[in-house]
Amino acid sequence: MIKPRLEVMLERGLFASRWLMAPFYVGLVIALAALIVVFFQELFHELGHLLSMKPEDAILMALSLIDLSLAANLLVIVTLSGYENFVSKIDTAAHEDRPEWMGTVDFSGLKMKLIASIVAISAIALLKAFLELSEPGTPLDEPRLLWLVVVHLSFVVSGVLLALMDWLNSRVS
């Protein structure tokens, strides 16, 4: 049976509409560039104090830089996986530097990578807050610490629940 012309045109239009997502991924690349600027601002700001740094300060600097790099990794994963899942395949199969996960991360895998990165970023923020308490003269801000713990635990629970839902969905399918 041949489909009516209107239906064919509608389906082609709907399929082509996936390209409306492309500007979002370009925006994420711009956000990645902004993170690079912030990363180097943080690095150069902290390097000015390098010779007078205490071990705790060096750890806090490292955690801040790790935090930014995790956010950047997350942007790369979301950009490349999202583009490949929802817009078009990226033709880099023969490139020697192509990451192994490219082309294999589906929406479910993308959700898990996203929540894992968010949990790691949250854990670093929490660790930084606790390390800052070891600095002399730092007042204990119990409500802030409580909220950091609550937010982190909510991310962890969300991640576990997402993983459980994916596991249950794979058993049903």
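This is a predicted model: local features need pLDDT of at least 70, side-chain atom pairs count only at pLDDT 80 or more; totals for chains, interfaces and linings use all residues.

Biologist: At what angle do the axes of α4 and α5 cross?

Modeller: Helices are DSSP runs of H or I with at least four residues, numbered from the N terminus. Axes are lines fitted to C-alpha atoms over the stretch in contact, and angles run from 0 to 180 degrees between N-to-C directions. Here helix α4 (residues 107-132) and helix α5 (residues 142-172) have axes that come within 9 Å and cross at roughly 160 degrees. That makes α4 roughly antiparallel to α5 (the term covers angles over 145 degrees). The crossing of α4 past α5 is left-handed, a term for a near helix turned anticlockwise from the far one by less than a right angle.

Biologist: Which classes of residue make up the contact of α4 with α5?

Modeller: Ala, Val, Leu, Ile, Met, Phe, Trp, Tyr, Cys and Pro count as nonpolar, Asp, Glu, Lys and Arg as charged, and the others, Gly among them, as polar. The contact of α4 with α5 has 16 nonpolar, five polar and four charged residues.

Biologist: How do the axes of α2 and α3 lie?

Modeller: The axes of α2 and α3 come within 10 Å, crossing at roughly 170 degrees. This makes α2 roughly antiparallel to α3. Their contact divides into 19 nonpolar, three polar and two charged residues.

Biologist: How many salt bridges does a search of the whole structure find?

Modeller: A salt bridge requires a side-chain nitrogen of Lys or Arg within 4 Å of a carboxyl oxygen of Asp or Glu. The search of the whole structure finds two. One joins Asp-166 and Lys-111, with the closest N and O atoms 3.5 Å apart. Asp-166 lies in helix α5 and Lys-111 in helix α4, so this pair ties together parts that are 55 residues apart in sequence. The other joins Lys-3 and Glu-11, whose closest N and O atoms are 2.7 Å apart.

Biologist: Is Asp-166 buried or exposed?

Modeller: Buried means under 20% relative accessible area, exposed over 50%, and partly exposed in between (1.4 Å probe, protein chains only). Asp-166, at 18%, counts as buried, whereas Lys-111, at 25%, is partly exposed. Lys-3 is partly exposed at 42%, and Glu-11 is partly exposed at 34%.

Biologist: How many aromatic pairs are there?

Modeller: Rings of Phe, Tyr and Trp (its six-membered ring) pair if their centres lie within 6.5 Å; planes over 60 degrees apart count as edge-to-face. The count comes to four aromatic pairs. Among them, Trp-19 and Tyr-83 are edge-to-face, at 6.2 Å centre to centre and 75 degrees between the planes. This pair links distant parts of the chain, 64 residues apart: Trp-19 is in the loop between α1 (5-16) and α2 (22-47), and Tyr-83 is in helix α3 (residues 55-86). Phe-39 and Phe-40 also form an edge-to-face pair, with centres 5.4 Å apart and planes at 85 degrees.

Biologist: Which residues do ring pairs link into a cluster?

Modeller: The cluster consists of Trp-19, Tyr-25 and Tyr-83. Trp-19 is partly exposed at 40% relative accessibility, and Tyr-83 is partly exposed at 21%.

Note on methods:
Residues are numbered from 1 along each chain as its sequence is written. Side-chain values use heavy atoms; hydrogens and water are left out. Helices (H or I, at least four residues) and strands (E, at least two) are DSSP runs, numbered from the N terminus. Angles under 35 degrees count as roughly parallel, over 145 as roughly antiparallel, 65 to 115 as roughly perpendicular and the rest as oblique. Rings of Phe, Tyr and Trp (its six-membered ring) pair if their centres lie within 6.5 Å; planes under 30 degrees apart count as stacked, over 60 as edge-to-face and the rest as tilted.
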